[in-house]
Amino acid sequence: MDLQLYWLMTKDEFIKFEEIALERTFIAIKPDGVQRGLVGEIIQRFERKGFTLVSLKFMKVSRELAEKHYDVHRDRPFFAGLVEFITSAPIVAMVWEGDGVVAASRKIIGATNPLAAEPGTIRGDFAINIGRNLIHGSDAIETAQREIALWFTEEELVSWQPHLSPWLHE
Ligand code: DAT
Ligand code: MG
C-alpha cells in the first residue's frame with residue numbers, strides 16, 4: 001500500500017483494510033475474448049460482484065511468458081496449441097482482489113470445457129470449445145501468487161481502498 005494512503009487511515013480502518021485485502025488472483029482475457037469484443041462484459045462481472053481491480057494491462061504475450069505461465073501443462077498434448085493461441089493476438093491481464101477472490105473467480109469463469117460450464121458463468125454463457133474458453137483464472141492461492149509475480153511487477157500492483165468497501169463488507 002502506498003504511504004500516503006497509510007497515513008490517511010485510522011488504525012481501525014487500516015486493520016479492516018488489511019483483513020479484506022488479503023487475497024488476490026490473476027485473471028486474463030484470452031485472445032478470443034478480446035477479438036469477440038467481450039472485454040467490457042467480462043470485466044463487468046468481476047466489478048459487479050464486488051471485487052477490486054488491482055492492475056490491468058492490454059498486451060501481446062511473448063512465447064517465453066506463455067510457456068512459463070502454462071508450465072504445468074508442458075507435457076500435455078494441447079500445450080503447443082495453447083501457447084500458439086495465447087501468443088496469437090492481444091490479451092488483457094488483470095489482478096483482482098477481495099475475500100475469497102481465487103475460488104469465486106473460478107466460479108464466475110466456469111468449467112474448463114465451456115460445454116460443461118453452467119449458464120451464468122462466463123464460459124457457460126459465451127463459449128463452446130475448450131481451446132477457445134475466453135478467460136484464465138488462477139486455480140489456487142499459491143498459483144495466484146506465482147502468476148501475479150510472473151505477469152506484473154510490484155510497482156504495477158495498485159493498493160487502494162474503494163469507497164464502496166463499507167457497502168460490501170460488514
Ligand atoms: P483452466 O483454464 O480452467 O484452469 P486448465 O488449467 O486445465 O484449465 O488448462 C489450461 C488451458 O488449456 C484451458 O483453459 C484450455 C486448455 N486446455 C485444457 N485442457 C485441454 C484439452 N483437453 N484440449 C485442448 N485444450 C485444453
Ligand atoms: Mg488452469
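The legends below describe close-up views of a predicted model. Local features need pLDDT of at least 70 and side-chain atom pairs count only at pLDDT 80 or more, while totals for chains, interfaces and linings use all residues. Residues are numbered from 1 along each chain as its sequence is written, and side-chain values use heavy atoms, with hydrogens and water left out.

**View 1. The residues around ligand 1.** With a heavy atom within 4 Å as the criterion, the shell consists of Lys-30, Tyr-70, His-73, Phe-78, Leu-82, Arg-106, Thr-112, Arg-123, Ile-130 and Asn-133. By class, four of these residues are nonpolar, three polar and three charged.

**View 2. Polar side-chain atoms at ligand 1.** Oxygen atoms of ligand 1 are approached by polar side-chain atoms of Arg-106 at 2.8 Å, of Asn-133 at 2.9 Å and of Arg-123 at 3.0 Å. Of the 520 Å² of accessible area that ligand 1 has on its own, the protein covers 75% (Shrake-Rupley method, 1.4 Å probe).

**View 3. The salt bridge between Arg-24 and Glu-97.** Counting a side-chain nitrogen of Lys or Arg within 4 Å of a carboxyl oxygen of Asp or Glu, the model has eight salt bridges. In the one between Arg-24 and Glu-97, the closest N and O atoms are 2.7 Å apart. Because Arg-24 belongs to strand β1 (residues 24-29) and Glu-97 to strand β3 (residues 91-97), the pair ties together parts 73 residues apart in sequence (strands being DSSP runs of E, at least two residues).

Key:
Chains are lettered from A and ligands numbered from 1 in the order in which they are written. A polar contact is a pair of N or O atoms within 3.5 Å; within protein, one must be able to donate a hydrogen and the other to accept it, and residues adjacent in sequence count only if both atoms are side-chain atoms. Ala, Val, Leu, Ile, Met, Phe, Trp, Tyr, Cys and Pro count as nonpolar, Asp, Glu, Lys and Arg as charged, and the others, Gly among them, as polar. Helices (H or I, at least four residues) and strands (E, at least two) are DSSP runs, numbered from the N terminus.
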